[in-house]
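Please look over the protein shown below before reading on. The briefing that follows starts from a single residue and then widens to other parts of the chain.

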Amino acid sequence: SAAVRSAHWPSPMPASALPPAAAAAPPAGVSAAAGGTGAAGGSPPAAAVLLRRAGGLTQAVVGGVSLEVAHSDLAPSRQGDGAQAAQGDDDDGADAANELWTWFFEEGFSLASATGFARVWPGAIVLIRALGDPESVLRLALAQAGRQRSRAPLVVELGSGSGLVGLAAAAAAGADVLLTDTAAVVSGVLAGNLQRNAGAGPAAVSAPGSSAGLPGAVRVGAGSAAAAVLDWTVPVEQQLQGAATEPDVVIAAECIWLAELVEPFAAAASSLLLRPGRPPSAGADRPVLFLSSRERAKDGSATFARVGAALSALAARGCGDATLVARFEPGAGTTADEEDEDEEGPLLVYAIRPD
């Protein structure tokens with residue numbers, strides 16, 4: 001069973017507490033401070049991440065860097081305070097939706113791939129908020145990896161979807177990030193969002209490319225990001241090369257909800273954590289997976305998977321040191337401009353290391 005330990009994690013901040021700037025985030029590539037006055041007066045906490053969803057776009061200001069991703073708006077967006085999406089936002093959503101249907105009949109396309117096109121999920125948002133807080137356990141893990149190796153921390157994101165979590169890691173933590181997903185998601189939405197955010201933030205102009213040598217990397221804030229196809233049913237070492245196979249931190253949000261995904265996910269994640277061919281690390285030097293997922297499965301469900309099933313699958317592969325670092329109950333305000341998805345199960349965040 002997973003250990004439960006004390007760890008700093010940003011509290012959820014409902015839309016009513018966001019400063020007015022959240023309703024008008026600047027376009028991608030323009031730096032903006034996370035200041036402003038909240039609805040109740042005063043400034044938001046330093047860990048505040050400004051998020052706005054409008055039709056087919058989600059915008060965020062993380063670490064003072066403005067980011068923006070496009071996705072398919074598969075369900076009608078519930079706009080807070082009656083705000084309406086701009087026509088340009090609608091156009092971007094339509095483009096993403098067209099990309100989704102273009103891939104619909106391609107070999108290998110699945111329901112799991114479709115969710116990668118759909119939106120920025122609540123499990124991703126809690127990771128983004130943590131990346132905006134320098135004192136969160138996630139940011140501290142990235143900072144420690146950078147100090148130990150005297151370089152930018154290297155992050156691999158599994159099931160990136162629209163890519164906002166990985167982009168936030170690059171922007172706020174100065175990490176070199178490899179965003180990975182299925183071929184459909186990479187070509188249909190992720191590659192476009194990578195280019196949409198290339199050069200975001202004032203620090204991005206200082207050093208082009210990736211210090212880790214990730215192919216196709218672009219500067220995002222103080223870090224960099226690249227995208228690659230990663231099929232969990234194929235050994236990782238057959239798909240990724242070089243530094244990408246030896247990350248300091250692995251992140252994954254809302255990508256183990258189907259029972260059929262659990263074993264392939266555990267195989268891919270454990271391969272990255274165990275670093276085949278390298279001597280095992282000890283203590284805090286061990287690579288770590290931050291897994292964020294909603295508990296959706298009901299008892300006896302053959303379709304949906306409990307988070308515990310993924311923990312067990314990882315433990316069976318030598319990655320059983322799991323710590324519950326955050327738990328958000330339904331309705332806790334994990335999203336910025338919507339209700340909490342009308343879901344019943346808690347949203348859980350684990351830090352998982354090799355034994």
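Leaving aside neighbours within four places in sequence, glutamate 254 is in contact (heavy atoms within 4.5 Å) with Trp121, Pro122, Gly123, Ala124, Ser292, Ser293, Arg294, Arg296 and Leu347. This is a predicted model, in which local features need pLDDT of at least 70 and side-chain atom pairs count only at pLDDT 80 or more, while totals for chains, interfaces and linings use all residues. Residues are numbered from 1 along each chain as its sequence is written, and side-chain values use heavy atoms, with hydrogens and water left out.

**Glutamate 254**

- Glutamate 254 lies in the loop between strand 9 and helix 7, where helices (H or I, at least four residues) and strands (E, at least two) are DSSP runs numbered from the N terminus.
- With a relative accessibility of 8%, glutamate 254 counts as buried; buried means under 20% relative accessible area, exposed over 50%, and partly exposed in between, with a 1.4 Å probe and protein chains only.
- The side chains of glutamate 254 and arginine 296 are joined by a polar contact of 2.7 Å, and a polar atom of the glutamate 254 side chain also lies 2.9 Å from the backbone nitrogen of glycine 123.
- A polar contact is a pair of N or O atoms within 3.5 Å; within protein, one must be able to donate a hydrogen and the other to accept it, and residues adjacent in sequence count only if both atoms are side-chain atoms.

**Positive phi angles**

- Most residues other than glycine have a negative phi.
- Glutamate 254, although not a glycine, has a positive phi of about 55 degrees.
- Serine 150 is likewise not a glycine and has a positive phi of about 55 degrees; serine 150 is found in the loop between helix 4 (137–149) and strand 5, and at 68% relative accessibility it counts as exposed.

- In strand 6 (residues 176–181), 6 of the 6 residues are buried, so the strand is largely enclosed by the rest of the structure.
- Asp176, Leu178 and Thr180 point one way from strand 6, whereas Val177, Leu179 and Asp181 point the other way.
- Strand 5 (residues 154–158) runs parallel to strand 6 and is joined to it by 4 bridges, with valine 155 standing opposite valine 177; two strands pair if DSSP finds at least two bridges between them.
- Helix 5 (residues 164–173) is mostly covered, since 9 of its 10 residues are buried, among them Leu164, Val165 and Leu167.

**Cysteines**

- A search of the whole structure finds 0 disulfides, a disulfide being a pair of cysteine sulfur atoms within 2.5 Å.
- Cysteine 255 is buried, with a relative accessible area of 6%, and cysteine 319 also counts as buried, at 1% relative accessibility.

**The chain as a whole**

- The protein chain has 8 helices and 12 strands, and buried residues make up 55% of its 355 residues.
- Among contacts between residues at least 6 apart in sequence, 72% join residues at least 24 apart.
- The accessible surface of the protein chain comes to about 14,100 Å², of which 55% belongs to carbon and sulfur atoms; accessible areas come from the Shrake-Rupley method with a 1.4 Å probe, and for residues only the protein chains shown count as cover.
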